[in-house]
Amino acid sequence: MDTFRMEGDTVRFYFKNRDRVDERTLLTRALNVLYDVPEISIGKPIVLPYADHYEGKHGETPFTVVYDIEDGPFIYCEDSRELDELEGLLHQG
């Protein structure tokens, strides 16, 4: 999966929608890649009026997969090394 980061944003990355598919399709693709990694656990979605949040852990490090109605899907993680690792997993997947 292709990703990108906004300049100055060190806690999240977004997914490039090169194929112009529905944004939920991008979310599903990302979640499926992450579900296949044994060291990653992802909980059920927390549905809010403006976004769906999937709380996850890679080892002991928390992260969140977000589907925002305005921004589309992205991954949020306060640990920059973990964010890089998650991004690498998605590039491979």
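A quick definition to start: a salt bridge here is a side-chain nitrogen of Lys or Arg within 4 Å of a carboxyl oxygen of Asp or Glu.

1. Ground rules. This is a predicted model, where local features need pLDDT of at least 70 and side-chain atom pairs count only at pLDDT 80 or more, while totals for chains, interfaces and linings use all residues. Residues are numbered from 1 along each chain as its sequence is written, and side-chain values use heavy atoms, with hydrogens and water left out.

2. Asp-84 with Arg-5. The structure has 6 salt bridges, and one of them joins Asp-84 to Arg-5, with the closest N and O atoms 2.7 Å apart. That pair ties together distant parts of the chain: Asp-84 sits in helix 2 (residues 80-92) and Arg-5 in the loop between strand 1 and strand 2, 79 residues apart. For the element names, helices (H or I, at least four residues) and strands (E, at least two) are DSSP runs, numbered from the N terminus.

3. Glu-87 with Arg-5. Arg-5 also pairs with Glu-87, and here the closest N and O atoms are 2.5 Å apart. Put together, Arg-5, Asp-84 and Glu-87 make up a network of salt bridges.

4. How accessible is this network? Buried means under 20% relative accessible area, exposed means over 50%, and partly exposed is in between (1.4 Å probe, protein chains only). Glu-87 counts as buried because its relative accessibility is 13%. Asp-84, at 44%, is partly exposed, and Arg-5 is partly exposed too, at 30%.

5. Arg-18 with Asp-2. Another salt bridge runs between Arg-18 and Asp-2, the closest N and O atoms being 2.6 Å apart. Arg-18 lies in the loop between strand 2 (12-15) and helix 1 (23-35), and Asp-2 in the segment before strand 1 (3-4), so the pair links distant parts of the chain, 16 residues apart. Arg-18 is exposed, with 58% relative accessible area, whereas Asp-2 is partly exposed at 37%.

6. Asp-9. Back in the loop between strand 1 and strand 2 we find Asp-9, which counts as buried because its relative accessibility is 16%. The Asp-9 side chain reaches the backbone nitrogen of Val-11 at 3.1 Å.

Notes: A polar contact is a pair of N or O atoms within 3.5 Å; within protein, one must be able to donate a hydrogen and the other to accept it, and residues adjacent in sequence count only if both atoms are side-chain atoms.
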